[in-house]
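Visitor: I would like to learn how to read a few features of a protein model. Please start with the general idea each time, then show me the case.

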Amino acid sequence: MSHFRKILVWQKSMSLVSKIYKATRTFPKEEIFGLTSQIRRSSVSIPSNIAEGSGRESSKDFLRFLYISLGSIFEMQTQLEIAKNIIYINEEEFNLLYEDSREIERMLASLIKKIKDNN
């Protein structure tokens, strides 16, 4: 497997983590152990699983971690919807974060397909 820092989807997901942390700074303090923590953990899980999977010995293992990253994307997208619905983030901020997450989602799906096709 290639070094994870060279994987574009890892780089993009690292950038998204920074944006999520910035966006959640304004969440109410009573959410620190609730939605703030959950959305941050799900965003961190995306690049973390890409990195962990890239260090595995087989493509099958790497795929498993990529699927976990994909699940974390869906979890984070749901949490962004919740944050928008309860007006912790505005529509514009939601759209920017959601579009970034959709790009990462597509990139992960493409990487998964590429690895599956090469096996």
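This is a predicted model: local features need pLDDT of at least 70, side-chain atom pairs count only at pLDDT 80 or more; totals for chains, interfaces and linings use all residues.

Visitor: Which residues have the most contacts inside the largest nonpolar core?

Guide: In soluble globular proteins, nonpolar side chains tend to be buried together. A nonpolar core is a set of buried Ala, Val, Leu, Ile, Met, Phe, Trp, Tyr and Cys residues joined through side-chain atoms within 4.5 Å. Buried means under 20% relative accessible area, exposed over 50%, and partly exposed in between (1.4 Å probe, protein chains only). Here the largest core has 29 residues, and Val9, Ile50, Leu66, Leu80 and Leu108 have the most contacts inside it. Helices α1 (8-24), α2, α3 (59-85) and α4 (91-117) each supply at least two residues of this core; helices are DSSP runs of H or I, at least four residues, numbered from the N terminus.

Visitor: Is serine 69 buried or exposed?

Guide: Serine 69, in helix α3, counts as buried because its relative accessibility is 0%. Its side chain reaches the backbone oxygen of isoleucine 46 at 2.8 Å.

Visitor: What joins the side chains of serine 45 and asparagine 49?

Guide: A polar contact of 2.9 Å. The term means a pair of N or O atoms within 3.5 Å; within protein, one must be able to donate a hydrogen and the other to accept it, and residues adjacent in sequence count only if both atoms are side-chain atoms. Serine 45 lies in helix α2 (residues 35-54) and, at 18% relative accessibility, is also buried.

Visitor: How many salt bridges does the structure hold?

Guide: Side chains of opposite charge can pair when their charged atoms come close. A salt bridge is a side-chain nitrogen of Lys or Arg within 4 Å of a carboxyl oxygen of Asp or Glu. The structure holds six. One of them joins glutamate 103 and lysine 12, with the closest N and O atoms 3.2 Å apart. This pair links distant parts of the chain, since glutamate 103 is in helix α4 and lysine 12 in helix α1, 91 residues apart.

Visitor: Where do arginine 102 and glutamate 105 lie?

Guide: Both are in helix α4, three residues apart, about one turn of the helix.

Conventions. Residues are numbered from 1 along each chain as its sequence is written. Side-chain values use heavy atoms; hydrogens and water are left out.
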